[in-house]
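Student: I would like to go through this structure step by step. Could you take my questions one at a time?

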Amino acid sequence: MQHVSPVREPLVTGGKTYHDVTQDICYQVEAAPNIRWMGALGVSLILLGVFFYSVYRTLWYGIGEWGLNKTIGWAWDITNFVWWVGIGHAGTLISAVLLLFRQKWRSSINRAAEAMTIFAVICAAMFPVLHMGRPWLAFYVFPLQNTLGSLWANFNSPLLWDVFAISTYFTVSLVFWYTGLVPDFATIRDRAKGKIAKFSYSMLSMGWTGSAKHWSRYETVSLILAGVSTPLVLSVHTIVSMDFATSVVPGWHTTIFPPYFVAGAIFSGFAMVLTLMLITRVVFKLEDYITLEHIALMNKIMMVTGSIVGVAYITEFFIAWYSQVEYEQYAFINRATGPYWWAYASMMTCNVITPQLVWFRRVRYSIVLTFILSIIVNIGMWFERFVIIVTSLHRDYLPSSWAMFSPTRIDVGVYVGTIGLFFTLFLLFAKFFPVINMAEVKAILKYTVNDGPTYGGANEGGGRLTSHTSPAPYATPGVPASAPVNYDKQND
Amino acid sequence: MKYWKGIEELDNSPEFVKNAFAEFPDFLPVKEGRAGTADDASVAPRRDFLKLMGFSVAAATLAACETPVHKAIPYLNKPEEVDPTISNFYASTYFTGSDYNAVLVKNRDGRPIKLEGNPESPVTRGGLSARAQAAVLNLYDGARLRQFAIKGKPVEFEQLDAAVRTGLASATGKVALVSPTIISPSTKRAIAALTGRYRNVEHIMYDVNSASGLIQANGGVLPAYDFSRANVIVSLGADFLGTWISPVEYSRQYVTNRKVRADNAAVKPTMSRHFQFETALSLTGSNADVRVAVKPSEMGAIALALYNAVTGAGATTGLSALAQKQVTQAATELRNNRGASLVVSGSNDPAVQAIVAATNQALGNVGTTLSLSAPSFVRQGDDARMTQFVNELKSGAIGGVIFYNANPVYDHPRGEEIKAALPKVALSISLNDRLDETGSLCQYQAPDSHWLESWNDYEPKRGFMSLAQPAITPLFKTRQAQETFLRWAGSNESYYNFLKDGWRTVLGANGGFQAAWDKVVHDGVANGSALTTTPFTGQVISVADATSRIGSTAKTGIEAVLYEKVGIGQGGVEANNPFLHELPDPISKATWGNYVAVPRKMAEAQKWSQGDVLKVSANGKSIEVPVLVQPGQAEGTVSIAVGYGRTKTGKVGDSVGANAFVLAQSTASGTLYHNIVTLEKTGATNPIAQT
Amino acid sequence: MTSPAITATSVATPVATHSSTKRFALGVFEDEDVLLHAVDNVRAAGVKIYEVFSPYPIHGIDDALGIERSRLPIAAFFYGMCGLAFALWMQIYMLGFDWPMIIGGKPHIALPAFIPVSFELTVFFTCHGMVITFYTISKLYPRFKTPVLDVRSTDDKFIMAIELDENSSQMPKLTQLLRENGASEVNHKEMTKF
Amino acid sequence: MDRHEVVQENTLAKYQKNPKEVTEYELIATPDGLEKPNKVSLWQDYQYNDHHWGMAIDLNSCIGCGSCVIGCQTENNIAVVGKQQVINRREMHWMRIDRYYSSNHHEDEFEKNGKLKTYAEMEDPSDNPQVIFQPMMCQHCNHAPCETVCPVLATTHSSEGLNQMTYNRCVGTRYCANNCPYKVRRFNWFSYYSNEKFEDVNGHMFTDLGRMVLNPDVTVRARGVMEKCSMCVQRIQLGKLEAKKQKRRPKDGEIVTACAQSCPTEAILFGDMRDPSSRLSQLLRREDGERAFHVLDSINVQPNITYLTKIRNGSAEFFPAEENA
């Protein structure tokens, strides 16, 4: 048994029983979709339409439909790519790192967070493909024998590292997520009434019965996956940062990028998790599972990572000055005071200043403020990538080639479109999959304020009753010690 | 590389061409105009295209065939010297009114695909201007006329010839043959044949970028300059590296003593010193060692001050301190380099040029850095004569007019008047290669072939001659103008033979003409002379009255200078050439269209910002062009490029920019390319495409 | 208070050899701790526990049931090593031997540049190898219908299953034994093709 | 900006005094003293055993006339993109002529006015600026940053020192262009030969008549691929072939790139740096340490294009010499 600190708020409030947990969470899957969900899906689908139109224009006429030019070869495309990948990281982080640290509170959010990871990575993966001049040849990036003879891929190129990193990251997150889902699918299967439901959830659950042997292997697997995903998630954003760090462009060629990008990723990721969780808990009435305590904890993480990012920003400037490299210094001065000063300013405000509000308890525990904060951070992190990519490129070595970037409608369309794609996927997930990991939540039901379980028996929820750390000597043979309430009833 | 040894071709060429046309009774239509317009159906089917290709190959390479070429299209028996995918080079010559270049035509499978400088040429020495580089595209210009026509109705050569002959015979009053400068002896002879046959025909040459002031000031000749021998160069607004008279030739001369090397410890590396007094920042000015920005109206005063400083004849007043200081400095250096210095002026004002000529005289540069005895021929236009023509045209004294590659309606300051008068003329013939602003107003269209389809010869400078030879058979049913003139003159001789005969005098009969001729055809250039300068009638302006004239040219108000762009030039055939439109201006880096360049102070004072469209007005006419803030532009002046604003040149060049020729002054003494203008903001904006 | 007779039969009698039908006594528990104790006692009573089903992993149940530690970690390590080896071979062969090209003047075999891909492939092989193994050895694969002894075991009940012989002779004794150990109910269940 | 490394100039007086002082060379501090950047390298450099093509561009001779730009365009079938695309900064010229104006402000004022103000001021050219022209095309770097980053090996280095593009391998990530310090790579944003938007300006790629002008030795690039100066590799190959047929090595001056050929002032010299007797090799030997410099030498990409410092004969009194751009 694990020691539980007496000051901790309950992880799951409302004195839920195992059965209540099953009820509450399966309810969303089994009940007819509610109107708020339909509305949300509608909006997402419209944005998805925008996405398809923009992609059609891009593919049919060419990248010229975007605002790029000879000097600025990447702008919104890669900005969005890095932004989405960054967001994705929080999911893995919550499910893997927090698992390793035995942070029990992760249980009620990790499922949704992992789903978010997967959908975010899908959105991210759109951009490296779409931004290609000839996406239909994207398979060239894989080391395949081809008609041109044995012309393989260039393993020196950070972009190729990306290919491997992103695909590994995506598939690993996927199996991690799915393995976690299997027991919950079994639960739904065993409750399912409809034929189709029975059939499909039976397929999904792969014949899971919850036998002790399976559980023990299951735990080993998730532990190892967690153990491996942790360095993986760090490596992914490190490699993404190397797209820039290994180049010669002043403002990109910066050794601090890997840690700085990872921190940024966690930062933006948690912001996105918060955004989603706050919506989900309202839409699906899961206030008891995603409590203020969760929100406060995530706020804290956001604040810490936000500060790390802030430090990184300042370090960059220091290094630029310290290096005494003309181009480097100009790149950073131009960032802050040049034609794109506004982007830099908004990045600074959103990412460094606003998160500091979390120091105030009131902010930390306020739903509304947290929601606004999380949105602001998401915006800020988008600007961070924009600043890094565009302001570095638009004025590099040769003044003769300096240029400005202005996005076209298609640029905006593709970006907004991926947001639509993301939410469509997320809403579908939330409707047909258990948004909260039932098995894990049940496992932590017992841990709460006063050290000791509060499980109140199967038939009646509520009320924290006398604790049972070990079975009491039997009052009457045959009557389970774990059910004093029933016992009393029987006496009536 | 191989140059062709093209002789055998020569005799059977015309007959061959005739048969060739016989073989394609209806000539290959090639798609022109936008997709979706009526003539879409006229797109050449692939096989016809191949036929044409095969044919052109045969024609162009016939040259080298010992065996007579059969009209079989596929290479059943391949002509020698022509291997598919191997390029041949043919020597030829590029000259369009402005710059002269001896070129090599890179011919691939029977079609010219590139022009390169001809290193054999003592004039351009392998150099090639941007305009000449791009000229190969003009050959395939879809806007070219495809056949002869009378009042828009397609006709055969013979029909038109007959009609024209009767027309000329029955013409009442003068018939003017208007052309730009012609430096081709044989062409002149062909025209002479025409004027000989019809006494009332008079040949009028005018230059869009006129140098008549310079010619007048030098006793009727255009001096040949040699910048390579000048240690000190003073240029009063002459953009001799970019557009003035013969830029390629001058550039090569100029750099010979700009190149430095320090490997020989004994001799110190030296360079020429280059002073530039100019209004707009020109290509030449940007290369100068000392550049002074002055108003066009000050040019005279500066020339005078320079003359006085050089001759020591009193000081002049009315110059800014800086300018005065620079002039003195320049004069000192000039004096230290007598006979090894050069003063040039871009002005078309005879008075100014007279002073400059006198200065060169005083410095003893005549015979060293500039030559009057072996003059240049690339400018022969006479503005006064042209002005007189316009007046006659208006008065109705002209009974007929023939335009030979001349487009005065567009590029003459009084184009409007010509446009109005032209329809009233009884007989109007255009030999222009397209239905341009002038040609479209004429009754008869006898389009000239492209120079890459024609035989011709040139003499840019006395003693230096070069040839042009066809690198491809005419793509359309056009005929080269010289041949047309001969037909009208009643001769049936082929122009090739006509030309070759003319060269007998040049090369001399002795030592076997044929061998010498073959060499010329191979090299493309030769020494010898055939052109004669027209005896000078006007009187040479003395320094005294030049001084007095200049004294009275003080001006107030904003002065505008009109200049040529290195790419578009005078807006002739270049105007429909996308390469040249997209070639960034060397200084402003602007492409696609002209603009009014203003100094920063003026822009700030007037609250103009880049791209604001201004209405520029002078002589009661006005154009609208966007503002470009140009460092180096003289205070109180603006500058606008000519050559834009074409309306009938083709889909590339039409309505790109505005026609600035209307702002030029057509004075009695000649066309002046600067004027007092008024500028007002229209409120519209038009972004300038700068790279 | 267990009788050797029961153990004798339950342990000795080979069951379900000639028919695919199996019979089970299912002890239903409400709480994991009670179950844990029950497991100890039942095994102490010499009864062979067929399997335990629970809605979530119970810590310590492996020891109680005597399930030996899984060897998946070793497998995972092995897969990882394969991935690493493959990655290095691929990169060195492709850029170093199959078609060496000059890329930015770098050596053909630029090992530092190969690190990221090598790492990623190691992870890739580790995870997928291990997960595939997990599903295979646990016989987990998509099926149309999943036979479950007690559907509540995926909801809120902890089920202890004990296999019986053809005529379920040990049932009464087992019922008593389980009830004594805190089972809220004890059911008899037959399963074909289990 | 204050970027001596980009384009260098000096006065004749200085040059006469000591030719070794007219060019600034960036040096890298190493344990054993200051070193040339190319001495500080992580790895062994490749030996170009057969040929090593290179170019020298004399900034003294270049008058900025733009002849080379058009020469290159005709030789290499470079598309014309029209006004709007030029405004969008998408011109396709492989070769361009950079023009820099002089400014009255430069780094000396960093202390006085502070960096921010000075940088801002330095963007303003003076009222009567000195002008310097610099022909800029692919520098064919031996340590090419573009090659390293291409994921599909579409741009690699040839065994003769050329940086070569494989059009049909290119997928168009534009990473190479971003990573090119000279910004000489050009991307095909549209299919300029079939997109009706370009029929007017690029007509010669649309009609059978116009297509006759295209150079059959050079591909018309498809949409979505990167392109750039190839140092007229088709001419180099032709020259080598001709020489091979005659069983000899190509003679110096036999192979000439389009830009070098068209230059009226012979500012561009192309040649084989492996051949010690070639005019190029001689020039480089002569000018080494005097006027020869590589643009952005300090980032050590080791270009095969060498520039020669511009020497001005202007006296400071009349025309104060200033830093450029």
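Student: What area is buried between chain C and chain A?

Tutor: This is a predicted model, in which local features need pLDDT of at least 70, side-chain atom pairs count only at pLDDT 80 or more, and totals for chains, interfaces and linings use all residues. Residues are numbered from 1 along each chain as its sequence is written, chains are lettered from A and ligands numbered from 1 in the order in which they are written, and side-chain values use heavy atoms, with hydrogens and water left out. Buried area is the accessible area (1.4 Å probe) that two parts lose on being put together, summed over both. Carbon and sulfur atoms give 67% of the area between chain C and chain A, and the whole is about 6300 Å².

Student: How many residues does each of chain C and chain A bring to the contact?

Tutor: Contact means heavy atoms within 4.5 Å. By that rule, chain A brings 67 residues and chain C brings 74 residues.

Student: How many salt bridges does the rule find between chain C and chain A?

Tutor: A salt bridge is a side-chain nitrogen of Lys or Arg within 4 Å of a carboxyl oxygen of Asp or Glu. Polar contacts are counted separately, as pairs of N or O atoms within 3.5 Å; within protein, one atom must be able to donate a hydrogen and the other to accept it, and residues adjacent in sequence count only if both atoms are side-chain atoms. There are 20 residue pairs in polar contact across the interface of chain C and chain A, both residues at pLDDT 80 or more. The number of salt bridges across that interface is zero.

Student: Which element of chain C gives the most to the side that touches chain A?

Tutor: Helices (H or I, at least four residues) and strands (E, at least two) are DSSP runs, numbered from the N terminus. The elements of chain C that each supply at least two residues to this side include α2 (32–44), α4 (72–98) and α5 (111–137). With 17 residues, the most comes from α5(C).

Student: How many residues on that side of chain C are nonpolar, polar and charged?

Tutor: Ala, Val, Leu, Ile, Met, Phe, Trp, Tyr, Cys and Pro count as nonpolar, Asp, Glu, Lys and Arg as charged, and the others, Gly among them, as polar. On the side of chain C that touches chain A, this gives 43 nonpolar, 14 polar and 17 charged residues.

Student: Which residue stands opposite B:Phe89 in β2(B)?

Tutor: In chain B, three strands form an open antiparallel sheet in the order β1-β2-β3. Nine bridges join β1(B) to strand β2 (residues 100–108) of chain B. The residue opposite B:Phe89 is B:Lys106.

Student: How far apart are the axes of α9 and α11 of chain A?

Tutor: Among the residues in contact are A:Gly306 of α9(A) and A:Tyr344 of α11(A). Helix α9 (residues 292–323) and helix α11 (residues 341–353) of chain A pack at about 145°, and their axes are apart by 9 Å.

Key: Two strands pair if DSSP finds at least two bridges between them. Axes are lines fitted to C-alpha atoms, for helices over the stretch in contact, and angles run from 0 to 180 degrees between N-to-C directions.
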